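Hi,

Here is the structure I promised to pass on to you. My notes on it follow below.

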Amino acid sequence: MMKEFLSCDWGTSTFRLRLVEAASLKIMAAESNDNGCAAIYKLWLKSNKPESERIAFYQHIIKTHLKILENKVNRSLEKVPLVISGMASSTIGMVNLPYKKVPFLTDGSDIKKSIIEPNNTFPHKIIIISGVKTTNDVMRGEETKLIGCDSIHNKKEQLFILPGTHPKHVIVEKSRVTGFKTFMTGEFFGLLSNESILSSSIDPGGQFEEGSNKSAFEAGVKGSLTTNMLHHCFLVRTNILFNKYSRQENFYFLSGLLIGNELKDIKKKKKKHVVLLGGTLLNSYYKVALEVFNISILTIENADEALIKGQAKFI
């Protein structure tokens, strides 16, 4: 019986590797950095190596992080199987796997995967999980979180909201994912707060519940319903000019404005059972925004825990 496995979440901009106890799904050691697939793909292109060496090139990257985990647990991890989800199955990843077209089963049984057998230079069986597509949208990585989500087998129609740089809204009906939409919320926030004229009016810092940060966030959410977003974004600047908000409060105001714009269509439609599936901090933001819109939440789940549960089903 397998005692442990390696869980890898390899995104566009980040790399996360964990040693997981199979029975309890407890994380025994972890390593993360910014060696996402986009950065590694650039290194691969610069190497000018033939396509036949691509898998070995990416395996070498993984090996450097495996050494760190081995040092943390003070033993060899040779032959421990490795499950990878995210962008490793894309055109910038280790292998390019085709997307599974929706609908797909929430137990993961019809999701495409690739198995790379161990060899002398990389003594780990690798299981790479592919992504999912609709006629005009795609996801890689989020499908694995959904597969591992405890709430996904409810027979009623559910809306799963997965916060992040590119949040997903996923419809689940009778244990099948039938559709989803991707939003640019997190990326727009990064561009506006770091690259635009608004950057001098924003100061990240302070806790969400601290002072008037939460009320500024709620004001942004409410504003998303009544004013054109392109105009409302400029208010981040005038908030400072007219001493309405501090730069720190403005950080939360802009966040509320963008998250509100992402969520406001849900308010207009037939109410569904809503499940939040994200990290602790983003879950708290989205929970408040949904409460402002008077949208009831069925449950809240941790995305990291769901990812590991989902990956475990592929071993």
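Let me start at the surface, where Met-184, Phe-188 and Leu-191 form a nonpolar patch with about 260 Å² of accessible area together. A patch takes residues with over 30% relative accessible area and no salt bridge, joining like charges within 9 Å and nonpolar side chains (Val, Leu, Ile, Met, Phe, Trp, Tyr) within 5 Å. A salt bridge is a side-chain nitrogen of Lys or Arg within 4 Å of a carboxyl oxygen of Asp or Glu, and areas come from the Shrake-Rupley method with a 1.4 Å probe, where for residues only the protein chains shown count as cover. Leu-191 sits in helix α4 (residues 185–194); helices (H or I, at least four residues) and strands (E, at least two) are DSSP runs, numbered from the N terminus. Leu-191 is partly exposed, because its relative accessible area is 43%, and that class lies between buried (under 20%) and exposed (over 50%), with a 1.4 Å probe and protein chains only.

This is a predicted model, so to speak of local features I need pLDDT of at least 70, and side-chain atom pairs count only at pLDDT 80 or more, while totals for chains, interfaces and linings use all residues. Residues are numbered from 1 along each chain as its sequence is written, and side-chain values use heavy atoms, leaving out hydrogens and water.

Now to the sheets. Strands β11 (residues 158–162) and β14 (residues 273–278) run parallel and are joined by four bridges, with Gln-158 opposite His-273 in β14. Angles run from 0 to 180 degrees between N-to-C directions, with axes fitted to C-alpha atoms, for helices over the stretch in contact; contact means heavy atoms within 4.5 Å.

Another open sheet of six strands, also with mixed pairing, has the order β3-β2-β1-β4-β8-β7. Here β3 (27–33) and β7 (113–116) are the edge strands, and the twist averages 15° from one strand to the next. Four bridges join β7 to the antiparallel strand β8 (residues 126–129), where Ile-127 is the bridge partner of Ile-115.

Best wishes

Technical notes
Pairing = 2+ DSSP bridges.
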